[in-house]
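Please open the model in your viewer and keep the selection panel at hand. The tour below moves from stop to stop, saying what to select and what is there.

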Amino acid sequence: MNKASIGYNDKEKGKIFNNEFMLHINAMYNFAYKLTLDEDEAKDLLQDTCMKAFRFINSYERGTNAKAWLFRILKNNFINDYRKKSKNPEKVDYQEVENYYNSKDIEGQNQETPDLRAETVKEMLGDEITNALNSMDIDFRTVIILSDIEGFKYNEMSKILDIPIGTVRSRQHRARTVLKGKLAIYAASMGYK
Amino acid sequence: MLDEQATEEDSIFVTKHIEVCYRCYDNYDLEKAIREVVKSNTNKIKVSDQIRRKITSKLGL
């Protein structure tokens, strides 16, 4: 996260990579998998991220927040890869994206959804939760993963996602509304009471 | 408060409020349950030794 470049020697680089980066390799792989939803792509994304992290290790300040730094690289790697694979690789207008999120009809969040109770949610199976999460828009899914699964704070998410803290909070709020709606619809369709 | 990022003052306010407001308590309870199931029901996959070795070998470590 530090903008200053530090000149580590090869031994120091290896030590940082093994002692600070490898600690987060499982979390990175899980994040990669939840983004790509594909085992092979997740492995490739993980390896590319590690290569890039090592290449740019001089911009990492030893002993700081390695996990957030690595997640930021991984997320950017994913976006670049995703854009390359899509037929529309032009730069994303983030204001347009946020306007879209703020629009009234996003994933039906303003529509009436069936009632949902905490007890019902607790009865749901892992697959049901995973399916609901995986069916969400990627940006919404990402904020839920970063906060609820990985435990990142708003300021860390802001750095990982390159968006202001206020936007993190509003996006997270909308993501939760969408997830709740999906779980409610699912619960109703499965006859949960 | 559920994200553990509220100030102490805000947390006290919310805690006191949900003690007396059933509607807000219900909502709080649901939000809490969703966070818990998302966290506990998400599979955590471990990276195999083979991939670890592949990465460190590519980097010459």
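Is Glu12(A) buried, partly exposed or exposed? Select Glu12(A): with a relative accessible area of 24%, Glu12(A) is partly exposed, where buried means under 20% relative accessible area, exposed means over 50%, and partly exposed lies in between, computed with a 1.4 Å probe on protein chains only.

Before going further, note that this is a predicted model, in which local features need pLDDT of at least 70 and side-chain atom pairs count only at pLDDT 80 or more, while totals for chains, interfaces and linings use all residues. Residues are numbered from 1 along each chain as its sequence is written, chains are lettered from A and ligands numbered from 1 in the order in which they are written, and side-chain values use heavy atoms, with hydrogens and water left out.

Helices here are DSSP runs (H or I, at least four residues), numbered from the N terminus. Arg62(A) is partly exposed, at 43% relative accessibility.

Next select Asp162(A) and Arg72(A), whose side chains meet in a salt bridge at 2.8 Å, N to O. Asp162(A) lies in the loop between helix H9 (154-161) and helix H10 (165-189) of chain A and Arg72(A) in helix H4, so the pair ties together parts that are 90 residues apart in sequence. Asp162(A) counts as partly exposed at 48% relative accessibility, and Arg72(A) counts as partly exposed at 26%. While Asp162(A) is still selected, look at its backbone, where phi is positive, about 60 degrees, although Asp162(A) is not a glycine.

**Second stop: chain B**

Now select Glu31(B) and Arg35(B), which form a salt bridge with the closest N and O atoms 3.1 Å apart. Both lie in helix H2 (residues 22-41) of chain B, 4 residues apart, about one turn of the helix, and both Glu31(B) and Arg35(B) are buried. Over all chains, a search of the whole structure finds 8 salt bridges. For the complex, the predictor gives an ipTM of 0.83 and a pTM of 0.82.

Return to chain A and select helix H2 (residues 25-36) together with H3(A): their axes come within 8 Å and cross at roughly 130 degrees, the axes being lines fitted to C-alpha atoms over the stretch in contact and the angles running from 0 to 180 degrees between N-to-C directions. H2(A) and H3(A) are therefore oblique to each other, a label for what remains once angles under 35 degrees count as roughly parallel, over 145 as roughly antiparallel and 65 to 115 as roughly perpendicular.

Finally, select Leu37(A), found in the loop between H2 and H3 of chain A. Phi of Leu37(A) is near 60 degrees, a positive value in a residue other than glycine, and at 36% relative accessibility Leu37(A) counts as partly exposed.

Methods:
A salt bridge is a side-chain nitrogen of Lys or Arg within 4 Å of a carboxyl oxygen of Asp or Glu. Helices (H or I, at least four residues) and strands (E, at least two) are DSSP runs, numbered from the N terminus.
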